Amino acid sequence: MSTGRPARRRIYHIEDLTKTYGTGPAAVHALRGVNLDVDEGEMFVLLGPSGSGKSTFLNILGGLDRATSGHAHFFDTNLTDLDDDGLTEYRRESVGFVFQFYNLIASLTAHENVSLITQISKDPMDPAEALAMVGLKERIKHFPSQLSGGEQQRVAIARAIAKRPRVMFCDEPTGALDSETGVRVLDALDRINREIGTTVFIITHNAVVAEMADDVVLFGDGRIVGRRSNATRKPPLELRW
Ligand SMILES: Nc1ncnc2c1ncn2[C@@H]1O[C@H](COP(=O)(O)OP(=O)(O)OP(=O)(O)O)[C@@H](O)[C@H]1O
């Protein structure tokens with residue numbers, strides 16, 4: 001059945017992915033066999049209780065951690081086959097990360113924080129263009145201490161997007177923000193997804209955020225226990241919590 005969406009390439013094909021931390025009686029089964037297909041350009045939201053495996057899953061997809069078994073294909077590349085150098089190259093060229101805490105360098109301006117990444121990227125955006133995309137055109141000369149939490153998070157998003165990654169992984173990007181500020185951060189992610197087609201994954205504890213997604217995945221005890229597609233995406237600026 002047609003979904004009405006244009007045909008897209010598959011960016012991730014995940015098969016029976018498991019992750020166990022530790023061994024013997026102390027072993028923690030963080031992922032117990034996850035299967036998922038993701039099309040390029042999708043906006044994905046991952047929900048689930050604390051400890052259900054969301055961050056572990058994203059860290060493996062982002063090349064920050066390794067699976068215990070199973071496969072994670074990124075287009076034709078099996079991430080689970082890559083050595084450390086291969087994973088580093090994958091992260092550097094294809095992946096942007098946004099975390100709950102912004103990790104900006106306090107002594108550098110917004111523009112300089114973004115430039116640090118563009119200087120080592122193959123085909124970067126102009127840092128000012130990346131900052132304009134997240135609504136910070138007028139703030140490029142400000143230092144982190146002169147910016148609100150939401151603005152600092154948007155600098156972190158500009159830094160992640162400036163190297164034109166194929167995919168963005170965002171782990172609790174609004175976790176430290178109030179609702180009004182949080183929706184502006186989500187709006188920046190929505191804009192990047194729509195305007196340059198970056199595939200975006202957002203982990204959140206906030207079920208309201210799911211309304212802005214194409215697809216919503218629910219984790220429970222190391223497995224995907226639910227998945228749904230939204231017929232329409234709610235604009236982030238209309239979300240309230
Ligand atoms: N480095 C690690 N060593 C040992 N156990 C770990 C490690 N990282 C995660 N775990 C465990 O794996 C399980 C899944 O953790 P994970 O962080 O993926 O869950 P989560 O759904 O992202 O939780 P939260 O919403 O609280 O961030 C938990 O039981 C956690 O304690």
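Before we look at any residue, let me say that two strands count as paired if DSSP finds at least two bridges between them, and that helices (H or I, at least four residues) and strands (E, at least two) are DSSP runs, numbered from the N terminus. What we are looking at is a predicted model, in which local features need pLDDT of at least 70 and side-chain atom pairs count only at pLDDT 80 or more, while totals for chains, interfaces and linings use all residues. Residues are numbered from 1 along each chain as its sequence is written.

Let me start with the record. UniProt, in an unreviewed entry, lists residues 12-241 as "domain: ABC transporter"; its positions are given in the numbering used here, feature names are shortened, and annotations may be inferred rather than shown by experiment. In the model, the end C-alpha atoms of residues 12-241 lie 31 Å apart, and the span is 29% helix and 27% strand.

I will take the antiparallel sheet to begin with. It is an open sheet of 4 strands in the order β2-β1-β4-β5, with antiparallel pairing. Because β2 (28-39) and β5 (77-78) stand at the edges with a single partner strand each, one side of each is left without a neighbour in the sheet. Moving through the sheet, β1, which covers residues 10-21, pairs with β2 in the antiparallel sense over 9 bridges, and here T20 has H29 in β2 as its bridge partner. β1 also pairs with β4 (residues 69-74), again in the antiparallel sense, over 5 bridges, and in that pairing E15 is partnered by H71 in β4. Lastly, β4 and β5 are joined in the antiparallel sense by 2 bridges, with N78 in β5 as the bridge partner of H73. These two strands form a hairpin with 2 residues between them, and F75 in the turn has a positive phi of about 50°.

Now to the other sheet, and which strands make it up? It is an open sheet of 6 strands in the order β6-β7-β8-β3-β9-β10, and the pairing is mixed. The edge strands are β6 (95-98) and β10, each of which pairs on one side only.

At the β6 end, β6 pairs in the parallel sense with β7 (residues 167-171) over 4 bridges, and G96 stands opposite M168 in β7. Further along, β3 (residues 43-47) and β9 (residues 215-220) also pair in the parallel sense over 4 bridges, with V45 opposite V216 in β9. The antiparallel part that I want to show joins β9 to β10 (residues 223-229) through 6 bridges, and there F219 stands opposite I224 in β10. β9 and β10 form a hairpin with 2 residues between them, where D221 in the turn has a positive phi of about 50°.

That brings me to the helices, and to α5 in particular. Helix α5 lies across β6 and β7, running at about 170° to β6, where contact between two residues requires that their C-beta atoms, placed from the backbone, lie within 7 Å.

How do α3 and α5 meet? The axes of α3 (residues 110-118) and α5 (residues 149-161) come within 8 Å and cross at roughly 25°. The two helices are therefore roughly parallel to each other; angles under 35 degrees count as roughly parallel, over 145 as roughly antiparallel, 65 to 115 as roughly perpendicular and the rest as oblique. The contact is made by A110, N113, V114 and I117 of α3 together with V155, A158 and R159 of α5. By class these residues divide into 5 nonpolar, 1 polar and 1 charged, where Ala, Val, Leu, Ile, Met, Phe, Trp, Tyr, Cys and Pro count as nonpolar, Asp, Glu, Lys and Arg as charged, and the others, Gly among them, as polar.

The other partner is α6 (residues 179-196), whose axis comes within 9 Å of that of α5 and crosses it at roughly 15°, so α5 and α6 are also roughly parallel to each other. In this contact G149, G150, Q153, R154, I157 and I161 of α5 meet T181, R184, V185, A188, L189 and I192 of α6, which gives 6 nonpolar, 4 polar and 2 charged residues.

Notes:
Axes are lines fitted to C-alpha atoms, for helices over the stretch in contact, and angles run from 0 to 180 degrees between N-to-C directions.
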